[in-house]
Amino acid sequence: MADSTVVTVAEYNAAHILLDTPQDAGFSTGNIQAAINGATDWLESQLYQPVQQTSHTDIYNVQQSDWCSVDTGGNLNIYLKYFPVISLDNLYWRITPSDNWTHEFATDDYSYADDLRVIQVPFANPFWPTSSVYQQVKVVYSSGYLQAAMPNDIKQSVITLTAALLSRGYTTIDGAGQVHRLLSQADWRMVNDTIDKYTRRF
């Protein structure tokens, strides 16, 4: 697995939150990166989604899930599982399993609202007004944040978790209970606020 890019080792060292002890001064770049990776892995597990740029290929059954449906006005609405969206690359549809995704919506066939996390196809919806037992769409997209655009509260949470791990000689976090033991109450509240803000809700 690639190293976390939420926070670089240089950013961590520049944060001035290392404890002033000989042990902290002795951490290698590899030690720090391993702890950053562990902190990032734990945070993403609590958010139920990656915060680093990640590519996805999601397939939805139309009208058979909460993610994709046709409303009473004939609009096809597709709610993406991960946010924020960096790029929306391809949007395919099919009404038979033998179709190997040969039908693709043109970019001007749909709109995407990142605040609502919904793709809407208002006019070129192939599932309206006719219906088929087999109706699917496939979305190819990237979500998360580029390193340069990573929100400060996510960075600070990873830095805080990394410092706590290093101060105890750990590189991974095993469950929320260990986090409570690692952090002060104030630091835990800060990390928990970040989790509440960025968690994927459905």
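The tour takes in a pair of helices and then a sheet.

A word on ground rules: this is a predicted model, where local features need pLDDT of at least 70 and side-chain atom pairs count only at pLDDT 80 or more, while totals for chains, interfaces and linings use all residues. Residues are numbered from 1 along each chain as its sequence is written, and side-chain values use heavy atoms, leaving out hydrogens and water.

Start by selecting 152–167 and 185–198, which are helix 4 and helix 6 (helices are DSSP runs of H or I, at least four residues, and strands are runs of E, at least two, numbered from the N terminus). They pack at about 140 degrees, axes 10 Å apart (axes are lines fitted to C-alpha atoms, for helices over the stretch in contact, and angles run from 0 to 180 degrees between N-to-C directions). That makes helix 4 oblique to helix 6 (under 35 degrees is roughly parallel, over 145 roughly antiparallel, 65 to 115 roughly perpendicular, the rest oblique).

Now show side chains at the contact (heavy atoms within 4.5 Å): helix 4 brings Asp153, Ile154, Gln156, Ser157, Thr160 and Leu161, and helix 6 brings Asp187, Met190, Val191, Thr194, Lys197 and Tyr198.

Next, jump to the open sheet of four strands, ordered 2-3-7-6 with antiparallel pairing (strands pair if DSSP finds at least two bridges between them). Strand 2 (68–70) and strand 6 (111–113) are at the edges with a single partner strand each, so one side of each has no neighbour in the sheet. On average, neighbouring strands here are turned by 20 degrees against each other, direction ignored.

Last stop: select 118–121, strand 7, which runs antiparallel to strand 6 and is joined to strand 6 by three bridges. Pick Ser111, and you'll find its bridge partner in strand 7 is Gln120.
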